Amino acid sequence: MSIETVDAVVIGMGPGGEDLATRLAQAGLAVVGVEGRLVGGECPYYACVPTKMMVRAGESLAEARRVGELAGAAQVRPDWGPVAARIRDEATDNWDDTVAVERFEKAGGRFVRGWGRVSAPGEVTVETAEGPRSFRAARAIVLNPGTAPAIPPIEGLAETPYWTNREAVAATAVPESLLVLGGGPVGMEFAQVFSRFGARVSVVVRSRILPKEEPEAAELVAKTFAAEGISVRSGVETTRVEYDGEWFTVHLSEGEPLRVRQVLVATGRRTDLAALGIGAVGLDERAHGIEVDEHMRAAEGVWAVGDVTGHGAFTHMSMYQARIAAADILGTATESGQYHAVPRVTFTDPEVGAVGMTEAQARAAGLRVRTAVTDLTASTRGWIHKAGNAGLIKLVEDADRGVLVGATSVGPTGGEVLGALVLAVHARVPTATLHEMIYAYPTFHRAIEATLNELH
């Protein structure tokens with residue numbers, strides 16, 4: 001088999017891989033982009049984009065149901081048809097990546113459909129439908145493999161037609177009842193969406209929902225879920241799953257089994273590093289991820305970006321790292337990776353935005369911590385908003401340096417209010433300076449000022 005020499009090979013064309021490969025191609029490098037699934041990755045087809053269309057649709061139903069408390073009367077009849085059609089036609093082109101492939105090729109790149117692996121230092125082999133193809137990367141190999149749903153080894157589960165996020169996004173109808181396994185952002189968003197469209201939803205989680213966020217935020221979301229009829233069973237293990245052709249029976253470590261029409265598994269994500277062949281360049285294929293330096297270098301001639309680096313499985317993280325890696329490969333680097341102010345948003349209602357450390361993480365890091373929490377419903381804007389106004393602001397300060405190291409914004413626009421807090425944490429703006437700012441009235445973000453006044 002002949003080996004073709006190019007400047008760079010990018011394995012995995014998710015958001016970061018596509019962005020990085022495009023930057024290199026536009027700079028004049030001979031670039032090969034390799035992807036076995038869809039160019040653009042999980043985000044535009046099974047995650048960020050279609051799920052937020054689902055969330056938006058569910059929000060419209062929730063708002064309509066609040067009319068009676070605010071503005072008269074309204075009748076609400078959920079219909080999944082427009083949601084499924086919008087996901088198919090607007091978001092995913094019926095899960096066709098032709099437009100994305102053409103966009104990359106117009107930028108000057110070459111696309112190869114298949115599964116790439118590092119077969120030797122500086123060499124990539126791609127398994128395509130027509131057989132293997134090999135490329136020698138004279139300048140760079142970039143790894144952006146993304147992740148796939150991690151399925152827990154629960155007895156009987158593998159033999160059932162369970163959903164992951166991929167099947168849930170492609171659903172053309174809402175199940176009568178749904179059990180969500182897992183309490184992270186993915187599971188919580190789907191749980192609320194399908195509940196608002198008429199499904200009877202239960203959540204089973206080993207610890208608590210939103211375990212990586214502040215407990216105050218998780219408690220507030222749990223309270224909202226309870227009010228909307230979503231059952232959350234925390235601290236419970238799933239021991240066995242059965243399926244009789246119509247119904248799932250889910251056995252738990254405590255309590256009676258649950259009988260539901262559909263099970264959604266949202267228990268995390270994984271990457272098959274062995275399939276990626278990173279052992280060929282001296283990296284540990286048994287590790288949980290690929291360690292990179294501040295310029296995303298993983299080994300000699302190898303860079304990695306995205307979920308696999310362990311700095312957050314977010315599209316914005318992958319794009320951020322892609323920019324830094326591309327500049328390093330091109331020899332124009334002016335910045336290095338910084339992760340003290342990584343923002344994240346869970347698009348439930350209320351929306352949960354957070355940045356930097358939680359209080360527990362800050363204390364574990366040995367910081368002398370001051371915190372404050374304010375209730376958004378007590379703010380003027382919260383009072384004006386009335387129905388659907390649940391929320392809070394929590395600030396975590398390094399008292400010795402007088403700067404915020406973390407913050408949480410929960411509420412109707414929690415992810416948008418977060419913007420000001422991300423800037424404060426990223427730029428290490430002194431809390432004294434934040435005290436001196438003028439906060440517009442009456443806004444949700446004005447609650448930041450009230451929370452600063454409560455820091456102790």
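The model is predicted, so local features rest on pLDDT of at least 70 and side-chain atom pairs on pLDDT 80 or more, while totals for chains, interfaces and linings use all residues. Residues are numbered from 1 along each chain as its sequence is written, and side-chain values use heavy atoms, without hydrogens and water.

A nonpolar core is a set of buried Ala, Val, Leu, Ile, Met, Phe, Trp, Tyr and Cys residues joined through side-chain atoms within 4.5 Å, where buried means under 20% relative accessible area (1.4 Å probe, protein chains only). The largest such core holds 54 residues, and V9, L20, L24, V31, L143, I290 and I329 have the most contacts inside it. Helix α11 (residues 315-330) supplies its largest share, seven residues; helices here are DSSP runs of H or I with at least four residues, and strands are runs of E with at least two, numbered from the N terminus. Beyond its neighbours within four places in sequence, L24 is in contact (heavy atoms within 4.5 Å) with A8, L29, V31, A326, I329 and L330.

Strand β2 (residues 31-35) is largely enclosed by the rest of the structure, because five of its five residues are buried. V31, G33 and E35 cover one side, with V32 and V34 on the other. Strands count as paired if DSSP finds at least two bridges between them. Strand β1 (residues 3-11) runs parallel to β2 and is joined to it by four bridges, with V9 opposite V32. Strand β3 (residues 110-113) also pairs with β2 in the parallel sense over four bridges, and here E35 stands opposite R113.

Definitions and conventions: Buried means under 20% relative accessible area, exposed over 50%, partly exposed in between (1.4 Å probe, protein chains only).
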